[in-house]
Amino acid sequence: MCRSLLFKFPYSHRYLCFIFLFLFVFAYSATAQRNFTSGYIITLPGDTLRGFINEKGWEINPKNVQFITSLNADPIIYEVQQLQGFFVENTGDFYKRAIVTIDYTPHKIDDILDVKRLAALESQYIKLDTVFVRELVRGKASLYFLKDRMGKTHFFASKQPHESLFELINRAYRIGNQIGYSAAYRTQLQGLLSEDTKAVGSVETSSYTGFDLSKIFVNYNRISKQRTLVRPVAKDLFRLYALSGLSLIKPHVIGDQKIIYPSRFDYVASPFIGFGLNTILARSRQKFSIYNEVSYKTYKAETIDEYNYVGVQPKRQTIRMEANYLKWTGGFRYALSTHRLKPYVQVGMTAGRSFEKMDVLKEEYVNSGIVQERPVMEMDGWYDNEFGWTVSAVTVYKRFLLEGRYERILNMSEIIRLKYYTTSFTFMVGYQINYKR
């Protein structure tokens with residue numbers, strides 16, 4: 001009864017899908033604006049205040065931060081000029097206020113300047129600014145990171161006993177149709193770390209990335225007796241899941257009455273099993289990820305409909321559709337929150353290859369007892385491959401994944417006057433195989 005009520009809802013399954021996703025996104029986006037997590041701020045006089053920070057998964061270094069001392073309090077916004085720094089516990093990120101000279105020369109391919117024009121306009125792009133830089137390594141030599149509003153990546157260094165920060169320069173320029181990089185940061189690092197020949201030697205092969213530069217600073221700090229603090233460097237994360245669940249699949253067979261009468265299939269329940277690999281992109285502060293999945297799909301559906309043939313003679317039409325598919329599903333996920341309970345929305349596409357399929361049309365003239373059977377898709381008119389699109393709502397907690405997915409397969413009939421496709425709702429749970437804390 002519940003099942004019949006569900007699928008007799010006055011909206012089509014497509015509208016149900018989008019209504020569900022809208023409510024899901026709305027509910028979580030509303031809470032995502034207040035992702036307060038444990039942390040602390042350091043005031044200008046040097047006092048440490050513990051409480052909760054509104055962590056927004058910053059891809060661009062923030063200019064201010066919202067802070068509360070208790071979860072019931074109203075947030076206070078602190079600008080970069082008002083703090084020495086702040087720490088976010090769940091990500092392990094420490095942001096330090098710094099007054100630094102920053103090289104804002106263009107870095108995007110279409111905006112990179114000719115080397116002569118760059119030299120003439122250099123003073124316009126070199127500016128003194130007050131910013132929050134994210135700490136990567138702290139020790140005798142320290143390393144900091146900044147991504148500005150234009151999406152350009154900057155790294156800054158300092159060395160004890162002189163704590164002032166300076167930028168490690170990696171400037172792009174154009175000569176004719178060729179693009180080059182000054183890579184001045186390598187010369188700067190060789191001077192900064194000159195007493196360690198091993199560290200100096202590794203500079204020549206380093207890239208201008210947080211991973212490579214952090215490694216150089218960590219190795220250098222090992223020669224000192226001081227403690228070295230290494231913050232986590234963002235790297236792409238790979239999550240492999242074993243998946244199982246239930247698919248509610250509904251075939252749709254539509255044609256003119258010379259071929260087939262209208263059919264009304266119900267949703268049929270079929271098992272779902274598969275493996276999914278989610279690649280979480282570090283450069284997006286773990287907001288975006290690329291998802292790939294291999295799964296097995298099977299269904300057996302039957303519908304029986306009765307009509308008056310030529311207006312008087314009762315006719316019973318029975319249609320059976322069966323198929324087994326090996327499927328690939330790929331898509332892009334966006335995290336509405338990157339905290340302990342991670343909700344995602346996903347859009348993507350799917351492709352399947354059938355290794356077994358069957359279709360039967362049985363027509364029975366009730367009064368005469370005449371029965372005819374033939375394939376629905378005559379003359380091999382059913383494609384072996386299926387293609388479609390999907391939308392999903394996903395929640396991840398520790399090792400476990402919970403997903404609700406809508407799938408729409410495109411027309412699979414080669415017969416011009418006959419259309420065949422499927423729609424489905426899949427509900428699955430997943431268990432992360434390569435789990436790491």
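Modeller: Start with the rule for ring pairs. Rings of Phe, Tyr and Trp pair if their centres lie within 6.5 Å. This is a predicted model. W58, F86, Y95 and F132 form one aromatic cluster. The structure holds 16 aromatic pairs.

Biologist: Why is the pair of W58 and F86 called edge-to-face?

Modeller: The ring centres of W58 and F86 are 5.8 Å apart. The cut-off is 6.5 Å, so the two rings count as a pair. Their planes stand at 70°.

Biologist: Are W58 and F86 buried or exposed?

Modeller: Both W58 and F86 are buried. That label requires under 20% relative accessible area. Across the protein chain, buried residues make up 46% of the 437 residues.

Biologist: How do you know that the charged end of R333 sits over the ring of Y291?

Modeller: The charged end of R333 is 4.0 Å from the centre of the Y291 ring. The limit is 6 Å, and the charge must also be within 35 degrees of the ring normal. R333 is listed as sitting over that ring, so both conditions hold.

Biologist: Which other ring has the charged end of R333 over it?

Modeller: The ring of Y344. There the distance to the centre is 5.9 Å, again set against a limit of 6 Å.

Technical notes. Residues numbered from 1 in each chain as written. Predicted model: local features only at pLDDT ≥ 70, side-chain atom pairs only at ≥ 80, totals over all residues. Heavy atoms only, no water. Buried < 20%, exposed > 50% of the residue type's maximum accessible area, 1.4 Å probe, protein only. Phe/Tyr/Trp six-rings, centres within 6.5 Å; stacked < 30°, edge-to-face > 60°.
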